[in-house]
Amino acid sequence: MTALTTPREASDRGGPVADIGPLPARRGRRQHRLAPLIFISAAVVLFILFFLWPGALGLLYSFTDYRGVGDLNFIGTENYRELVGDDDFYRALGRTFLYTALAVPAHYVVSLAVAVLLTSKTAKGKSIARVVFFLPWLLSPIVTGVVWRWLFGENFGFVNHVITQLGGSSVAWQTDGTLGLLVVVIAGTWASTAFNMLLFIAAIRNIPRSYLEAAEIDGASPAQRFFKIQLPLLAPTSFLVILLTTIGAMKEFAMIQALNGGGPGTENMLMVQYIYRTGFERADIGYASAVSMVLMLILVVVALIQMRFDRKSALS
Amino acid sequence: MRNVRSIPTTIVLWVVAALYLFPVAWFLLSSFKPGSELFSLPLSILPENWTVSGYSTAWSRFDFQLYFLNTTIVAVVTTVLTVIVSAATGYAFAKYKAWWLRIFFICILATTMLPTEVIMPSSFAVVRDLGLYDTLAGIIVPSIITATGIFMFRQYFSTVPDELMEAARIDGVGEIGLFLRIMLPLAKPMMVVLAIFSFQWRWNDYIWPLLILRDPDRYTLQVALRSIVGADNIDWSVLLSASVISLIPMIILFAIFQRQIMSADINSGLKD
């Protein structure tokens, strides 16, 4: 497994397939036109059925008043115009952005810090600690939500118990929307550390030892070694983690459902919950599709910005 | 010298690890408390009277066997199909060159940016029109294709030397045979890693099963769990125990495949 990512191979990865002389290569290409088509056929069918078709259908629905049954009535851009004046939509959008803005840096910093600790030469007991950091990975988002709801319960939770024991007064983790969102950020960070940490650990291991040793001989402090050598070399992984956590945060749903149901009230309803609610609870598929299209557009913009920064690692 | 230097990092590591462990430990210990003790102040970390009554109530009130069975079917079938489709597609991306492969690769890349959650209403309509509503197949089939798996295999196969393929071709091995008999066995470690990850994703899936399943007899574990959480008056002692029960298969999986999971190189992989 580790052989996969030795630096030499890593540099080969993005390059073209090795050229073995013009003649055989050309013949090879002509011969093997059907085989790759067979290999990708299943994926193509699934892609068309469950990605292209829903995408196109969603766009179509967004211009109709479709309610899940009956006929489609085209109503032009009415859904979108209604969206512009929809306070609930803005609130969901704003909360989603706020959540993303808080969660992404938190996920990034924490998982990188944990990865650095777990690859540190000096720390003891790393293999047991690694299992501990992996535990949250085993929990489903629903169970994660339940765990943190249990911990941050207003009247019965452990956190408030400790706070009152220390002489403070109970904190309104569930009735204050902003605090409620904060709990979601903490829970989300805790839950996603394992996966991101794994990405960082693999990347840190790929940094040639000699770089760090040379810097150490030259008298660089641990902090200098981290910020001047490790961090820049981790840039591709950092971009990947940021992209993934951004998309993950924008479509957060299950954990919040179990943690506070988007509450108090609908204050912490994020976009996917808003789509779920309008589309499936109020059966307004046309309108929900319009919201979907807006969210989709936002994600495309996020991904495009990301890829401008890091075209190579995203495509290779 | 070495020992002294290791003290600060070791302490930091263990403080952070303890913070990570605590939520689960508190949760687990609470599940062994009798209902009366759950909310009695002052809270104590260890249960005063250990009991499994929460577990027995949860087990008798919910049809865990059924939920386990449904979730296992979904997770296993999806995983097998995901591994096959990802290996074949990733192999084609890594070892063949054609303009349409390039275009399809960009299409697959796009799926990572536009997850099903985002186009949920129309995805639901498609699955319904295909006649898969309220069936386990309706959960399985749309989940087979994952960009993560395809990228993992693409990266893996691109490290296999082309000379190996040329040699096999000269020996008269056909393209399909080359893939099935030479390349696929080579990729076994990657197949194991993707299988573990895929199983975990499907075991924990929530939103899609929630949309597709209506008949409680077909509920998967997460949907069933959520029905306890969503109740007006949460019976915490049952909920804690039921949640713990739902984790057991993942814990067993982790215990068996710990080494593969920990050393998994998912650098080019994407979360799904």
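Q: How many residues of chain A are in contact with chain B, and with how many residues of chain B?
A: The model is predicted. Contact is taken as heavy atoms within 4.5 Å. On that rule, 107 residues of chain A are in contact with 110 residues of chain B.

Q: What area is buried between chain A and chain B?
A: The size of an interface is often given as the accessible area lost when the parts come together. Here carbon and sulfur atoms give 78% of that area. The total for chain A and chain B is about 10,200 Å².

Q: Which residues form the salt bridge across the interface of chain A and chain B?
A: The rule finds 1 salt bridge across this interface. The cut-off is 4 Å, so the pair counts.

Q: Which helix of chain A gives the largest share of the side that touches chain B?
A: Between the chains, 13 residue pairs are in polar contact, both residues being at pLDDT 80 or more. The largest share of chain A's side is 20 residues. They come from helix 3, residues 34–61.

Q: How many nonpolar residues are on the side of chain A that touches chain B?
A: Sort that side by class. Charged residues number 9 and polar ones 20. The nonpolar count is 78.

Q: Which helices each supply at least two residues of the lining of the second largest cavity?
A: The structure holds 4 cavities of 30 Å³ or more. By class, the lining divides into 5 nonpolar, 3 polar and 1 charged. The helices asked for are helix 7 (141–151) and helix 9 (177–206) of chain A.

Q: Which element gives the largest share of the lining of the second largest pocket?
A: This pocket holds about 950 Å³ of space. Its lining has 28 residues, and those nearest the centre include A:Lys121 and A:Gln230. Helix 1 (2–30) of chain B is among the elements giving two or more residues. The largest share, 7 residues, comes from helix 5 of chain A.

Q: How many charged residues line the second largest pocket?
A: Nonpolar residues number 14 in this lining. Polar residues number 5. The charged count is 9.

Terms used
Residues numbered from 1 in each chain as written. Chains lettered and ligands numbered in written order. Predicted model: local features only at pLDDT ≥ 70, side-chain atom pairs only at ≥ 80, totals over all residues. Heavy atoms only, no water. Buried area = accessible area lost by both parts, 1.4 Å probe. Salt bridge = Lys/Arg side-chain N within 4 Å of Asp/Glu carboxyl O. Polar contact = N/O pair within 3.5 Å; in protein donor to acceptor, adjacent residues only side chain to side chain. Helix = DSSP H or I, 4+ residues; strand = E, 2+ residues; numbered from the N terminus. Nonpolar A, V, L, I, M, F, W, Y, C, P; charged D, E, K, R; others polar. 1 Å grid on protein atoms, 1.4 Å probe; cavity = no way out; pocket = protein on both sides within 12 Å on 5 of 7 lines; lining within 4 Å. Points joined across faces, edges and corners; volume = space filled by probe spheres on them.
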